[in-house]
Amino acid sequence: MPPLGSKLPIYGQDNAAGRPGADGQRRWRSLEELESRRLPAPEFPEGAAEPPEGVSRRSFLQVLGASMALASLEACRPPRHKILPYVRPPEKPLLPGTAVHYATALSLGGHATGLLVTSFDGRPTKVEGNPDHPSSQGGVGSFELASLLDLYDPRRAKGFKKAHDPISHRSLMRELAALAASHQPDGGARLRFLTGATGSPILQDLRRRIQARYPKARFHAYESLAQDQAYQGARLAFGRPMEARHHLSGARVILALDSDFLQHGPEALRLAREFAAHREPGLELNRLYVAEAQLSITGASADHRFRVKPSEVLGFARAVAARLASQHGLAQLAPLGGQTRLARQAQVVADDLARTRGRSLVLAGPRQPAAVHALAHALNAALGNAGQTVDYAPPLRDVAAGPESLRELAADLAAGKVDTLVVTAHDPVYSAPADVDLGAALGKAPTTVYLAYRDDETAPYASWVLAASHPFETWGDARAHDGTVSIVQPLIQPLFESISELELLAGFVDLGDAGAHRLLHEYWRGRSAGGDFEREWEGWLGKGVLPGTATPAEKVSLDVAGIAAAVKAAPPPSQGIEVSFVPDYKALDGRFAENAWLQELPEPITKITWDNAAYLSAATAKELGVENGSRVELRLGGRAVEGATWIVPGHADGVVTLPLGYGRRRAGPVGTGVGFDAGRLRTSQAPWFAAGLAVAPLGRRKHDFALTQEHFSMEGRDIVLAFDVKAWKPEKIEHVKGPVATIQTPVDYQHEQYKWGMAIDLAKCIGCGACTTACQAENNIPVVGKEQVLRSREMHWLRVDRYFEGSPEDPQVLAQPMMCQHCETAPCEYVCPVNATVHSDEGLNEMIYNRCVGTRYCSNNCPYKVRRFNYLDYRGHLSPTEKMAMNPDVTVRTRGVMEKCTYCVQRIERGRIQSRLEGRVMKDGEFTSACAQACPANAIVFGNLNDPRSLVSKAHQDERRYDVLHELGTRPRTAYLVRIRNPNPELT
Amino acid sequence: MSGVIRRVAVEAKDLELLEGTPVLAGRPGDRQLTEDLFQPVWARTRRGWLALFGICAALTGVLFTAIGYTFAVGVGAWGNNIPVAWAFGIINFVWWIGIGHAGTLISAILLLFQQRWRTSINRFAEAMTLFAVMQAGLFPILHLGRPWFAWWLFPYPSTLGIWPQFKSALMWDVFAVSTYFTVSFLFWYVGLLPDLAALRDASKSRAARIAYGIFSLGWRGSAAHWRHWRIAYLLLAGLATPLVLSVHTIVSFDFAISQVPGWHTTIFPPYFVAGAIFSGFAMVLSLMIPARKAFHFEHVITQHHIDNMTKVLLATGLMVSYGYLCEHFMAWYSGNPYEYFVFFNTRLRGPYAPVYWLMLFCNVVVPHVFWWKKARSNMAVVWVAALLVNVGMWTERFNIIVTSLHRDFLPSSWANYKPTIVDWSIYVGTLGFFGFLFLLFLRFVPSVAASEVKELRRELEHEAHAREHAPAQGR
Amino acid sequence: MSSLFRPSSNTAFNLVLLLLVGGAVGTLGGLMVWARVPSGTGQQDPLVQPVLFDHRHHVADDGIDCRYCHTSVDRGPSAGIPSTALCMNCHAQIWNKSPRLEPVRESYFTGQPIPWVRVHRLPDFVYFNHAIHVNKGVGCESCHGRVDQMPAMEQVAPLTMSWCLDCHRDPGPNLRPLDQITTMGWTPEGDPVALAKDLLKRHDVHSRTACTTCHR
């Protein structure tokens with residue numbers, strides 16, 4: 001498969017070369033020029049998404065099928081409306097084969113993450129974090145990165161169906177208008193909307209306008225990972241729902257109550273960055289306590305981890321509170337200090353928190369009941385953290401998006417109170433609680449309009465199925481967790497006939513034909529401070545955020561008595577086996593189950609791919625008579641699912657953790673039938689954990705789990721080095737640094753202009769795996785599927801190794817990103833008979849795919865085993881749209897060639913050519929490798945070792961620096977910095 | 001060197017005088033020998049031969065089907081993975097190449113050392129060598145990811161303006177193996193000439209005469225022919241002799257120059273060569289014993305030959321055992337944790353430990369039966385032992401390659417290897433193909449060098465005559 | 001015994017041997033030659049384009065600079081094929097009735113691009129960047145030849161890897177002053193060696209031969 005766009009088809013160039021414009025403004029005007037160039041009428045019909053017969057799109061699809069060249073031609077067409085490039089990188093003229101960055105945002109559960117999307121000739125090919133966005137700050141997670149693959153998914157829902165008959169966009173709008181009109185007489189009494197939780201200003205405005213037109217209509221919001229309990233907790237504590245906004249930069253002692261804040265939730269990227277920033281000695285180290293059941297990456301990064309059942313977390317929090325009660329103005333909470341089994345440890349934690357008054361923080365996870373959240377608020381108040389490390393603002397999104405409102409809706413539907421239901425929530429039938437039979441209920445409504453991204457579990461129950469546009473295809477806006485607004489701008493014209501939520505809802509206020517861009521533009525024009533709005537608008541688009549839209553913190557008054565009451569009322573810890581539902585690290589709540597990148601991404605702790613498992617501790621497994629891979633029936637309150645168990649070191653006893661989002665029945669060819677659907681056990685009363693799980697082994701046959709790492713012990717080798725900050729001394733790693741005796745005189749690269757190198761700070765790395773996904777997206781790395789992973793042929797250039805240390809019950813977890821080390825004396829090079837892997841003058845270990853004959857000798861001789869081989873043709877089956885996702889700067893490898901991390905040499909060469917054209921030297925930070933750019937924790941730095949001021953040089957000079965397998969004398973260019981832990985002496 | 005020669009010569013002399021085991025039983029006349037030795041060529045095709053041939057042909061079919069499949073879907077049809085990037089392919093390659101060594105050794109070296117007991121078995125061994133090397137030759141191409149670019153391994157002036165990597169042992173392999181094949185072939189064929197001529201003359205049908213005539217390159221057996229032939233034969237022997245050492249030495253470099261724990265060992269070259277001869281003789285025995293019986297060659301391939309070969313087996317077996325010992329000692333003595341782990345953890349207790357123990361049994365224990373003359377003279381025992389040694393040498397290569405690779409430096413990258421049906425088909429297929437070629441050889445070419453045997457007979461007569469007339473000498 | 005072969009069979013046999021050996025050698029040698037001659041590399045093969053565009057006329061007669069049409073040649077990786085609109089800049093006025101330009105007008109009015117035929121095709125794993133070469137003093141002519149003498153465009157350079165390397169290893173002789181980049185038939189006045197030295201310095205040329213310079 002040719003690297004797309006590496007040489008654009010000529011007609012593609014025709015288009016691109018047609019655009020003048022050195023800077024954003026001119027490019028924007030160039031659209032006018034484009035239009036003035038009398039483009040064929042059907043191409044850009046003003047406003048309308050689609051000409052009547054929908055010729056252009058359908059022919060577009062044929063073209064796609066016909067040939068890749070033509071597909072990229074279509075992709076080269078600019079999106080329907082204006083797009084402005086991001087202003088940050090020195091403006092480059094939009095030339096064929098040149099990357100341009102556009103700022104946009106992606107919402108999950110109503111909270112936005114600001115993104116920078118790299119686009120080649122109108123094809124978005126890579127997602128990065130937007131440094132100017134408060135939630136991402138330049139980092140980006142696997143979900144955002146992988147969302148690009150969803151855009152190009154050839155099996156997305158396409159077109160619009162009314163009762164299984166395809167209808168055009170125009171007639172759809174007509175029908176919608178009619179439908180809307182039909183509900184006007186009774187004020188929309190029989191009209192319902194089921195949406196996801198949203199923070200989008202324009203969508204919220206649209207809802208208001210719909211409410212105005214249909215006073216009796218009702219909006220229901222549903223998110224399977226709702227934050228309701230957090231809001232209820234705030235209501236308990238402050239009398240009204242509040243958004244707690246945490247700030248770890250100031251926090252020295254952190255207590256996470258069943259909160260996986262490094263991976264999940266709207267603050268994850270920012271918190272990861274702030275947390276990691278204070279993990280290096282020299283700075284004032286923070287200390288993290290985590291009380292949780294399942295070993296999460298947050299728990300893995302903790303200095304102390306308390307293994308508790310989810311239902312015991314409250315007890316733990318109470319013990320902490322009790323300790324603080326007397327001297328910290330929580331008198332009313334004093335009597336709550338029940339002697340739980342963790343009381344002693346809790347008291348130590350409490351003292352530690354108290355010691356850093358105002359500079360500590362207690363976080364409660366969204367899975368915990370309101371009482372725990374309330375208690376956390378109380379503790380933070382008592383510790384003087386409120387206003388310091390945490391502040392509060394009124395929420396700007398649906399605060400009730402939990403099962404309750406869904407249950408009401410289902411009831412109304414069942415009672416036949418609803419004529420028309422409009423569903424824009426993501427696949428509610430799959431994610432609905434087990435005790436809400438939404439599918440059946442939907443059947444009751446005469447008309448169900450479903451905005452479907454895929455032909456999923458919900459689609460069969462809907463009478464109207466409308467293909468949803470991907471966020472990268474439409475206009476819109478979104479709010480970050482702190483309220484900051486971003487404009488969502490399309491990167492590409494919709495690949496398939498589709499419509500956005502905005503356009504759909506607009507249909508109910510007779511604005512269906514306006515088009516998302518006009519609606520959005522007018523909405524914000526109405527809210528601009530005046531002056532030159534267009535300039536302002538361009539500024540917003542360019543920067544990716546609307547400055548000054550963050551919601552200011554508000555003062556809150558704590559109702560201690562109320563909290564005390566609530567806590568007293570809370571149920572005691574459960575007996576017996578408890579079940580605990582967690583959002584999955586890859587499928588989340590199932591909305592990413594069809595994403596192959598995420599399916600093949602190893603689960604951070606267990607390294608399982610293409611599966612979910614019932615996680616439990618060794619002790620519990622023994623008790624239940626199961627082992628790794630045992631197939632079991634999980635029974636809870638009359639409901640049962642079949643799954644397979646997996647023993648996780650450090651997992652709490654008496655709990656079985658079930659990741660959600662698997663066992664999809666209609667996800668598509670990738671996700672259907674992968675894993676089991678834990679959601680079948682999940683009820684609206686107990687959405688997160690419940691007592692009384694029965695686990696019954698089923699037969700002897702084992703389930704095959706495809707792991708990317710099978711061996712978890714370091715065998716006492718110096719691979720990941722970790723020290724307690726007290727015990728840490730540079731002398732301790734003398735033996736794994738410095739020159740090694742050698743018979744050959746190593747090449748000296750000091751006199752080269754550039755000497756590329758990388759450094760990975762293991763103290764910062766949280767092991768989330770974002771780097772792996774970023775690398776996969778940047779370097780066109782194929783997905784090989786479960787069967788090949790079982791043969792250990794996964795292709796990830798960058799893997800995150802994970803080792804366990806200490807006792808299996810309560811192990812220390814060590815994560816280590818491992819990719820080609822670019823050894824200066826590389827063992828792989830001299831064994832290749834055809835010179836396919838050689839050293840560059842700047843010391844890069846180059847892998848030349850087109851010279852490789854595939855002897856695989858290099859891999860045998862690589863001590864780090866970071867080389868990957870195309871054993872089969874992993875690229876043959878790509879659909880035209882999937883090919884569009886390829887990075888044109890990187891060769892797509894054929895069958896039978898070796899490949900490996902290149903330090904993103906395509907970025908180096910791009911930067912080199914640009915700098916040489918401008919007659920200057922590449923500056924540090926001008927570009928970086930994909931992994932370093934994505935890393936939310938800033939654990940990876942890449943750059944020029946011959947520039948003494950570069951970050952990477954400093955890192956290589958760091959006293960914590962060491963080389964993996966140093967004694968082999970490979971002189972790796974990638975250095976690691978030892979992991980530093982900050983345990984509490986009183987607990988060790 | 002001369003010292004060596006003398007020692008070997010003396011030893012051989014004693015062997016000759018071993019009572020009851022002459023190199024040639026009885027005193028058959030030329031005609032007699034011609035008839036006996038060419039009999040398999042003239043005789044009507046026998047049912048047993050047909051049956052075997054059928055089986056081997058079928059397996060050959062399997063082989064080429066598997067090869068076709070591998071080319072079609074890629075080398076991923078095999079079980080190889082990362083870290084075990086080499087497996088059956090290279091195991092079979094090394095195994096077959098090793099087997100190939102016996103032929104050259106017997107023909108060339110023993111010829112130079114003037115070992116009489118070589119004469120009646122050399123042709124046999126050479127053919128075996130040839131066919132074994134042909135099997136081995138398949139694999140370097142087969143195991144490539146992109147076999148259609150295999151020619152990039154040859155240094156030629158290309159329009160790419162770059163050359164192969166001469167530092168790579170695989171590069172050296174290319175030359176070692178191709179040279180080895182060429183020389184073995186020439187050696188075998190030159191040795192064959194007089195007999196082909198004899199066949200030509202003895203052929204009944206004109207077609208056969210013409211066919212054999214062409215292949216005997218116009219041999220007329222004139223004194224000049226014989227003189228040139230002898231010179232050529234000796235020269236080739238001289239050429240081939242260093243190859244016996246060089247080829248497997250270089251093959252062993254494939255491993256020795258890398259730094260994989262379990263490969264990175266200086267003892268590999270000698271230990272590979274010893275192993276090669278070990279397996280080579282084992283293969284000769286396991287083929288010759290049945291053939292000898294089938295063709296009633298007992299008077300030509302006498303107990304004496306078997307006896308000597310088993311002793312060679314014993315000797316090389318001991319060398320191989322010493323190799324193992326050394327490896328383990330060095331692993332412990334060097335204090336290299338990775339080496340130590342491979343030899344004292346992975347191999348002894350790892351998932352492939354059974355293969356390791358099987359190897360120790362076949363290669364270290366089994367040869368010791370040859371201390372006993374009874375065992376040496378019992379064909380059944382010898383045959384089974386030889387077969388076991390063949391198995392043992394295959395498992396040795398499995399241990400070196402797979403077991404070393406599947407657990408090296410970073411535990412995170414450890415993974416097991418599981419051969420696929422294609423792996424097995426190719427392995428068994430080469431056995432079939434080998435048999436296929438060998439059966440053809442037995443059927444259409446004199447498997448014992450008649451001319452040399454006749455020559456030997458005369459020498460023996462002279463010696464006997466001499467001994468009779470000089471009774472004073474000797475012990 | 002009766003002779004099996006006639007004396008002549010010796011000659012026959014020798015001939016056969018000769019053929020076998022010669023054939024093998026010949027085939028290999030032939031292939032190596034083929035890889036180097038124009039018919040093998042695709043040189044000297046003027047291509048028929050959908051529009052009978054005549055570089056000779058536009059460059060030599062009209063004296064239009066290469067960069068007027070190939071707009072991005074000094075700014076981006078690819079030289080850029082002119083848009084139909086660009087053609088029409090002139091041909092809206094001149095030859096606007098010519099039947100030869102019908103395809104151009106058609107493309108302009110229907111919006112369907114003109115399917116030009118690619119002349120210089122590098123393998124997909126080769127990343128060539130026009131801008132850096134042009135800005136460092138490698139003239140159009142150096143690779144594309146005397147375009148001003150080509151009625152129909154043809155590939156002049158062999159475009160083999162060794163051809164690229166020859167220049168990357170010793171760029172001096174192929175450099176020219178930046179104001180002469182698009183000149184056809186330019187020859188250095190004075191001592192070419194000295195000029196090469198001077199240009200290498202003036203343009204700050206660092207031609208690289210690391211594999212990733214072209215293969216990524």
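1. How many salt bridges does the rule find across the interface of chain B and chain A? The rule finds one. A:K865 pairs with B:D408, and their closest N and O atoms are 2.8 Å apart. A salt bridge here is a side-chain nitrogen of Lys or Arg within 4 Å of a carboxyl oxygen of Asp or Glu.

2. This is a predicted model: local features need pLDDT of at least 70, side-chain atom pairs count only at pLDDT 80 or more, and totals for chains, interfaces and linings use all residues. Residues are numbered from 1 along each chain as its sequence is written, chains are lettered from A in the order in which they are written, and side-chain values use heavy atoms, without hydrogens and water.

3. Now the extent of the interface. In chain B, 57 residues are in contact with 53 residues of chain A (contact means heavy atoms within 4.5 Å). The two chains bury about 4500 Å² between them, 52% of it on carbon and sulfur atoms. Buried area is the accessible area (1.4 Å probe) lost on putting two parts together, summed over both.

4. The side of chain B that touches chain A has 36 nonpolar, 16 polar and five charged residues. Ala, Val, Leu, Ile, Met, Phe, Trp, Tyr, Cys and Pro count as nonpolar, Asp, Glu, Lys and Arg as charged, and the others, Gly among them, as polar.

5. Within chain B, helix 2 (residues 30-42) packs against helix 17 (residues 450-469) at an angle of about 145°. Their axes, lines fitted to C-alpha atoms over the stretch in contact, are 10 Å apart. The contact includes B:L33 and B:F38 of helix 2 and B:V453 and B:R457 of helix 17.

Technical notes: Axes fitted to C-alpha atoms, helices over the stretch in contact; angles between N-to-C directions. Helix = DSSP H or I, 4+ residues; strand = E, 2+ residues; numbered from the N terminus.
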